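Hi,

Here is the structure I promised to pass on to you. Have a look at it first, and then read on for what turned up when I went through it.

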Amino acid sequence: MSKTPSIPAPFKPFRKQAWQPKVKPGIGPSTHSKFGGRPWIAPGEPWPECPSCMQPLKLFVQLNLNQIPKELEEDFGTGLLQLFYCTNDEPDCAVACEAWFPFSQSTVVRIVHPESPDSGSEEHESEEHEIEDSFPEKVIVGWEAVEDYPDPEEIEAMGVNLSDQDWEQLERLDDQGVSIPRDGDKLSGWPFWAQSPEYPDCPKCAGRMQLVFQIDSECNLPFAFGDSGCGHITQCEIHPDQVAFGWACA
Ligand SMILES: [Zn+2]
Ligand SMILES: [Zn+2]
């Protein structure tokens, strides 16, 4: 596991593991974890469209929850987690629907359950499921485990007092290009908040939703959320079918 150099002591008890995706450009089986390209879509179902402008949505990421690192197997349930996001600018759905907020009308985030999610079967594929302006597909071929620590604001909200020395140490790490929490795309770990911590509440139980996947601007997708914002797919621990996506920029 890749370590973070000289992390301030108060952060150490909050260490989590995150996984950074290893990708390979190209088209993989429809049920694979991937950025962009073509998602798995149930036989007979149409390509998802934007509930606001009714135009086809772009697949941002699909995660096969049956093929994530073993340590996370119990955490997020099963199936394919899919994020579709409207990138149209006429009308500008992201602005009109305030797509930075979780549960926006122009974002579709869902978990679908193919009959045999591990098979990678192509039998249900059809050409009508092509959209012209999909992002070029990148298949997720593996995961690299890394250490991850919470946002300083989040750690203080948990009752930890950071000393001046801790803050100086954080600044030094920042100067070295070490981001705490880690920026970039990652599975699990601590969310990198561009502004303040903002976990959505589950629509069913009002419980705080947890991070599943972080999607950063211009990392594996050729797309920026506002001014280099960072997005998060979150999920209710009690109701795994309840998933959300929101983003913020500094
Ligand atoms: Zn739209
Ligand atoms: Zn819930």
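Ala206 lies in the loop that runs between E7 and E8. Its phi is positive, about 65°, although Ala206 is not a glycine. Ala206 is also exposed, because its relative accessible area is 53% and the cut-off for exposed is over 50%. Before going further, please keep in mind that this is a predicted model.

Phe103 is another non-glycine residue with a positive phi, here near 70°. You will find Phe103 in the loop between H1 and strand E5 (107–112). With a relative accessibility of 43%, Phe103 counts as partly exposed.

There are cis peptide bonds to look at as well. One leads from Glu90 to Pro91, with omega near 0°, and Pro91 sits in the loop between strand E4 (80–85) and helix H1 (93–96). Another leads from Ile180 to Pro181, with omega near -5°. Pro181 belongs to the loop between helix H3 (164–175) and E7.

**The zinc ions**

Let me start with ligand 1. Which residues coordinate the zinc ion (ligand 1)? They are Cys50, Cys53, Cys86 and Cys93, each through SG, at 2.3 to 2.4 Å. The angles among the four donor atoms of the zinc ion (ligand 1) run from 106 to 114°, and the site is tetrahedral. Along the sequence, the donor residues of this zinc ion (ligand 1) follow the spacing C-x2-C-x32-C-x6-C. Within this set, Cys53 and Cys86 link distant parts of the chain, being 33 residues apart. Cys53 is in the loop between strand E2 (34–35) and strand E3 (58–64), while Cys86 is in the loop between E4 and H1.

Now for ligand 2. The zinc ion (ligand 2) is held by Cys202 (SG), Cys205 (SG), Cys236 (SG) and His239 (ND1), at distances of 2.1 to 2.4 Å. The site of the zinc ion (ligand 2) is tetrahedral, with angles of 105 to 113° among its four donor atoms. Here the donor residues of the zinc ion (ligand 2) are spaced C-x2-C-x30-C-x2-H in sequence.

Is Cys202 buried or exposed? Cys202 counts as buried, since its relative accessibility is 3% and buried means under 20%. Cys205, in contrast, is partly exposed at 33%.

On a related point, how many disulfides does the structure hold? The count is zero. For reference, a disulfide is a covalent bond between the sulfur atoms of two cysteines.

**Strand E8 and its partners**

E8 covers residues 210–216, and six of its seven residues are buried, so the strand is largely enclosed by the rest of the structure. Strand E7 (residues 186–187) pairs with E8 in the antiparallel sense over two bridges. In that pairing, Leu187 stands opposite Phe213 of E8. E8 also pairs with strand E9 (residues 230–235), again antiparallel, over six bridges. There, Ile215 has Gly231 in E9 as its bridge partner.

**The chain as a whole**

Stepping back, the chain has three helices and ten strands. Read from the N terminus, its elements come in the order β-β-β-β-α-β-β-α-α-β-β-β-β.

What radius of gyration would a compact globule of 250 residues have? It would be near 18 Å, and the chain has 18 Å, so the chain agrees with that expectation. The C-alpha trace spans about 60 × 40 × 35 Å along its principal axes. Of the 250 residues, 52% count as buried.

Contacts across the sequence may interest you too. Taking contacts between residues at least 6 apart in sequence, 72% join residues at least 24 apart.

Conventions:
Residues numbered from 1 in each chain as written. Chains lettered and ligands numbered in written order. Predicted model: local features only at pLDDT ≥ 70, side-chain atom pairs only at ≥ 80, totals over all residues. Heavy atoms only, no water. Buried < 20%, exposed > 50% of the residue type's maximum accessible area, 1.4 Å probe, protein only. Helix = DSSP H or I, 4+ residues; strand = E, 2+ residues; numbered from the N terminus. Pairing = 2+ DSSP bridges. Donors = N, O, S within 2.8 Å, 3.2 Å for Na, K, Ca; no water. Tetrahedral: all angles 85-135°; square planar, octahedral: opposite > 155°, others 65-115°. Disulfide = S-S within 2.5 Å. Rg over C-alpha atoms; globule rule 2.2 N^0.38 Å. Contact = heavy atoms within 4.5 Å.
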